Amino acid sequence: MSSAITPDLLPLTAEDGPQGLAVGGIPLVELGRRFGTPLFVYDEEHLRRRCREAVAAFGADHVAYASKAFLCTAMARLAHEEGLLLDVASGGELRVALRAGVPGGRIVLHGNNKDDAELRAAVAAAVRHVVVDSFDEMDRIERLHSAEGLPPVPVKLRVAPGVAAGAHQAIRTGGSDSKFGFGLAGGVAAAAVRRARESGAMVLEGVHAHVGSQVLDAAELAEGAAAVARFAVGSGVRGLTVGGGLGVAYESGQSVPSIADWAARVRDAARGAGWTRELTVEPGRSIVARAGMTLYRVGTIKRIEGVRTYVSVDGGMSDNMRPALYASRYEAFLPRDPRAPRPLRARVVGKHCESGDVIIDDAALPADLRVSDLLATPVTGAYGYAMASNYNKLPRPAVVFVRDGDARVVVRRESEEDLLRLDVTEPADPGSGATRTGPADLVAAGRPATA
């Protein structure tokens with residue numbers, strides 16, 4: 001590929017100007033100078049339009065933003081302002097949503113192994129419902145109800161419908177061989193429904209299924225919706241959630257269904273299975289992926305004659321784990337000249353001490369690429385910052401929202417001091433400079449002080 005980056009990979013407000021590509025009315029080169037790199041940049045207008053598109057397609061109160069795709073208080077607040085519920089997958093995500101001002105009744109708690117503290121927090125926050133994933137979780141809820149007097153918990157039961165979809169084995173979640181949910185096979189899900197109905201600790205609100213992620217064929221999502229709808233109708237439950245999973249284009253030429261297409265296909269499939277009520281869905285990637293991009297600074301260019309060219313940037317697998325985890329593919333371009341042809345083939349790599357620290361294995365880049373250039377990878381708004389780590393003790397990048405010529409930091413860049421905040425040490429010998437770990441440190445770390 002030698003053509004310029006295509007508009008369908010860029011945020012909705014992206015436009016070319018005298019200083020190169022601008023998003024939200026601000027040139028990316030300016031954002032790189034002002035906020036440093038690596039940097040996550042989100043088009044706030046794009047985020048809001050996608051939220052509204054989902055609400056228009058499925059109806060108010062029937063769209064829950066899958067916050068695991070990207071979550072901070074600003075994103076939680078934005079989704080809430082646009083009428084979405086929030087789907088959280090841990091106690092930590094629940095806390096962020098609550099800190100953002102999202103009422104508990106607008107939050108759904110997921111997770112295949114919720115602990116007592118997470119369940120207590122969900123009840124204390126009066127969440128809309130808890131998605132129960134196992135009989136062990138039912139045991140836990142009933143024990144807390146009996147021993148601690150927790151009120152009955154509104155629940156939906158996650159079922160594994162035997163339909164697995166998605167771009168990679170690791171993100172296909174709806175099959176029979178899955179850590180998630182009660183299988184339809186063998187009557188397991190039916191037994192879970194009976195138990196929930198009979199339990200004084202739970203109020204059964206319905207069933208839930210999610211067949212996978214980055215699904216590019218709406219027929220696969222429709223098949224999963226039909227399978228769980230048939231079960232819901234046969235079980236006589238009143239609520240049905242068919243999850244998310246709608247994919248996005250990461251490379252030029254990829255064709256993906258629109259949110260409206262997705263809505264039509266899964267709604268028709270559920271109706272064909274006898275479901276006459278509304279459906280609830282949980283989009284995440286399709287809301288945030290294309291809205292975000294990552295800006296890097298090129299540090300080295302290494303040409304190996306007869307082999308390949310390596311382009312190293314100042315981030316890597318610590319801000320984008322998806323290529324290493326799922327063999328995910330991306331494209332790249334230079335914000336200073338987004339229309340430039342890209343005849344140069346190169347492997348874009350990060351600065352981590354790993355040969356597998358590859359962002360783009362075979363990237364198309366402009367021929368005049370040089371050290372210190374600002375390089376952008378589009379469509380990184382989902383699972384970039386969400387999966388970011390401190391591997392090799394790299395501070396995590398800042399996150400900036402841009403809109404109408406204004407840029408605001410919604411997550412500040414970590415500092416080197418932040419990297420030391422959790423270390424628990426004390427001097428072993430005054431003046432020696434050495435440190436040791438004492439019993440108090442072990443207790444603080446959650447480990448016993450004695451062997």
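# Notebook: strands, helices and one buried methionine

**Entry 1: starting at β8.** I began with strand β7 (residues 107-109), which runs parallel to β8 and is joined to it by two bridges. For my own use: helices (H or I, at least four residues) and strands (E, at least two) are DSSP runs, numbered from the N terminus, and two strands pair if DSSP finds at least two bridges between them. This is a predicted model, in which local features need pLDDT of at least 70 and side-chain atom pairs count only at pLDDT 80 or more, while totals for chains, interfaces and linings use all residues. Residues are numbered from 1 along each chain as its sequence is written, and side-chain values use heavy atoms, with hydrogens and water left out.

Which way do the side chains of β8 (residues 129-132) point? I noted that His129 and Val131 point one way, whereas Val130 and Val132 point the other way, and all of them are buried. Buried means under 20% relative accessible area, exposed over 50%, and partly exposed in between (1.4 Å probe, protein chains only).

Entry 2: I traced the path from β7 through helix α5 (residues 116-124) to β8 and found a right-handed β-α-β unit. The path from β8 through helix α6 (residues 135-148) to β9 makes a right-handed unit of this kind too. A crossover is right-handed if, with the strands pointing away from the viewer, the path from the first strand over the helix to the second runs clockwise.

Entry 3: Is β9 enclosed or open? Seven of its eight residues are buried, so β9 is largely enclosed by the rest of the structure.

**Entry 4: α6 against α7.** Next I checked how α6 packs with helix α7 (residues 188-198): the angle is about 10° and the axes are 11 Å apart. Axes are lines fitted to C-alpha atoms, for helices over the stretch in contact, and angles run from 0 to 180 degrees between N-to-C directions. The two helices, α6 and α7, are therefore roughly parallel to each other (angles under 35 degrees count as roughly parallel, over 145 as roughly antiparallel, 65 to 115 as roughly perpendicular and the rest as oblique). From α6 the contact uses Phe135, Met138, Asp139 and Glu142, and from α7 it uses Val188, Ala191, Ala192, Arg195 and Ala196. Contact means heavy atoms within 4.5 Å.

**Entry 5: Met138.** I stayed with Met138, which is found in helix α6. At 0% relative accessibility, this residue counts as buried. What does Met138 touch, leaving aside its neighbours within four places in sequence? I listed Val132, Leu157, Phe182, Ala192, Arg195, Ala196 and Met202.

Entry 6: Three bridges join β1 to β2 (residues 20-23), and Leu21 in β2 is the bridge partner of Asp16.

Entry 7: Most residues other than glycine have a negative phi, and most peptide bonds are trans. I found a cis peptide bond from Thr37 to Pro38, with omega near -10°. Pro38 is found in the loop between α1 (28-35) and β4 (39-43).

Gln214 has a positive phi, near 55°, and lies in the loop between β11 and α8 (218-235). Asn392 has a positive phi as well, near 60°, and its place is in the loop between β17 (374-378) and β18 (398-403). Are these residues buried or partly exposed? Gln214 is buried, with a relative accessible area of 6%, whereas Asn392 is partly exposed at 36%.
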